[in-house]
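Colleague: I would like to learn how to read a protein model one feature at a time. Could we go through one together?

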Amino acid sequence: MASMASLSASYPKYTSNFPTRYTHLLYDLCLVPRNLPLMKNGSFSDLTIVRSSNQTESMIDSTDKLSDIPLLSCLEAIEKLKHNRENNKGNQQYLAMYSSIFGGIVTDEAAMVIPMDDHMVHRGHGVFDTATIANRHLYELDQHVDRIVKSATMAKIILPFDRETLRRILIQTVSVSKCINGSLRYWISAGPGDFQLSPSGCHQPALYAIVIEDKSLFNSKGIKVVTSSIPMKPPQFATMKSVNYLPNALSKMEAEEKGAYAAIWLDDDGFVAEGPSMNVAFITKEKEMLMPKFDKILTGCTAKRVLTLAEGLVREGKLRGIRVDNMSVDEGKSADEMMLIGSGVLVRPVIQWDEQVIGDGKEGPITQTLLNFILEDMKSGPSSVRVPVPC
């Protein structure tokens with residue numbers, strides 16, 4: 001959260017007063033080293049920020065001198081964080097953040113930072129999960145909390161709180177944010193302590209949570225996917241939701257470079273696995289819903305809910321059956337319908353995989369029905385999947 005997407009070309013002195021409660025924030029979080037041997041005044045020149053995988057220029061011109069880098073006070077650094085946030089507003093707004101390091105909730109985006117010596121940052125020793133906020137209700141919160149607890153156990157991270165306290169913190173953070181529709185994302189890390197490999201020097205595990213309001217328009221149009229050339233994570237790591245998402249990010253970037261929305265992973269046996277942040281499912285020509293087994297991939301909470309809701313289509317005779325099993329690429333590409341399923345995309349129709357058009361090349365009717373089921377479930381589903389957020 002503290003890394004900047006862009007920097008101004010010069011560093012004028014800021015004279016505005018900043019809340020005293022932030023005075024030592026960056027020092028305590030290791031965001032500003034206390035002993036940098038740098039000059040107090042100076043500037044960057046010809047600074048280029050690379051925003052894609054097509055990196056052709058260095059970040060800082062080679063003619064720059066180290067003496068041009070300013071030594072900032074804590075207040076100056078925090079003020080620059082605020083300035084950067086105010087001038088780089090995107091579709092996502094961060095409304096509130098909880099940090100067990102702070103021991104509380106903040107609503108100022110400049111304060112939404114984590115320590116650099118947290119082992120989640122420099123060693124990837126952390127797990128995370130999410131939940132959708134729909135009409136001031138958390139959708140499938142308990143299912144996602146159960147999964148992060150399982151992921152933390154697999155990652156050998158001791159929970160910083162018991163499950164009910166963790167759940168209460170998440171709900172309260174959303175309540176403070178006053179978010180009506182958005183998402184909640186939260187992390188459990190080995191915690192800050194040092195820059196060693198072993199977490200033995202970490203003081204205690206940490207919990208972070210952030211409420212995100214996304215102003216992007218919801219899109220349910222059919223998309224194209226490609227087969228990923230990036231090796232997928234082995235089952236031990238693919239079945240936990242850890243912060244090690246480099247393979248996922250590279251897979252997503254590969255898809256975008258090929259004009260597609262996402263890339264589909266195949267397992268070591270060549271069977272269809274999953275997307276970079278979503279599950280995949282198919283409607284066969286025999287009107288059977290088919291989803292890959294979860295033994296080598298992440299068990300998607302939304303995917304499991306879709307499987308449950310799809311049982312209604314079986315009762316209505318619109319589906320002949322539902323099966324979770326291995327499936328080949330040929331089976332997938334010859335299906336009548338294909339869809340991506342996840343908390344971010346909900347149920348997104350796929351109309352082309354590589355060069356193969358799926359079905360008739362249009363959004364499938366069963367895929368659309370399942371999307372409507374999920375949307376309705378988010379609005380009026382049972383209490384087991386909708387947790388109200390107090391005002």
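Predicted model: local features only at pLDDT ≥ 70, side-chain atom pairs only at ≥ 80, totals over all residues.

Colleague: Where is the place of Ala190?

Modeller: Helices (H or I, at least four residues) and strands (E, at least two) are DSSP runs, numbered from the N terminus. Ala190 sits in the loop between β5 (182-189) and β6 (206-214). From Ala190 to Ala155 there are 35 residues in sequence, and the C-alpha atoms are 9.0 Å apart in space.

Colleague: Does Ala190 count as buried or exposed?

Modeller: Buried means under 20% relative accessible area, exposed over 50%, and partly exposed in between (1.4 Å probe, protein chains only). Ala190 has 10% relative accessibility and therefore counts as buried. Cys301 is buried at 9%.

Colleague: How many disulfides does the count come to?

Modeller: A disulfide is a covalent bond between the sulfur atoms of two cysteines. The test here is a pair of cysteine sulfur atoms within 2.5 Å. The count is 0.

Colleague: How do I check a helix, and what do its end C-alpha atoms show in α7?

Modeller: The expected span of a helix is 1.5 Å times one less than its number of residues. Helix α7 (residues 246-257) has 12 residues and should span 16 Å; its end C-alpha atoms are 16 Å apart, which agrees.

Colleague: Which residues of α7 are buried?

Modeller: They are Pro247, Asn248, Ser251, Glu254 and Ala255. Seen down the axis of α7, these fall within an arc of 125°, so they line one face of the helix. The arc is that of the directions from the helix axis to the C-beta atoms. The buried residues of α7 pack against β7 (223-227) and β8 (262-264), while the face turned away from the buried side carries the exposed Leu246 and Glu257. Just after α7, Gly259 takes a positive phi of about 75°.

Colleague: How many residues of α2 are buried?

Modeller: In α2, 10 of the 13 residues are buried, so this helix is largely enclosed by the rest of the structure. Among them are Cys74, Ala77, Ile78 and Leu81, and also Glu76 and Lys80.

Colleague: What does the largest nonpolar core have in it?

Modeller: A nonpolar core is a set of buried Ala, Val, Leu, Ile, Met, Phe, Trp, Tyr and Cys residues joined through side-chain atoms within 4.5 Å. The largest has 28 residues, and Met289, Met291, Met339, Ile341, Leu370 and Ile374 have the most contacts inside it. Elements that each supply at least two of its residues include β12 (337-342) and α10 (365-380). Helix α8 gives the most, with 6 residues. Apart from this core lies another, of 26 residues, among them Tyr98, Leu141, Val174 and Tyr186.

Colleague: And how much of the chain is buried?

Modeller: Buried residues make up 45% of the 391 residues. The chain has 10 helices and 15 strands.

How values were computed: Residues numbered from 1 in each chain as written. Heavy atoms only, no water. Contact = heavy atoms within 4.5 Å.
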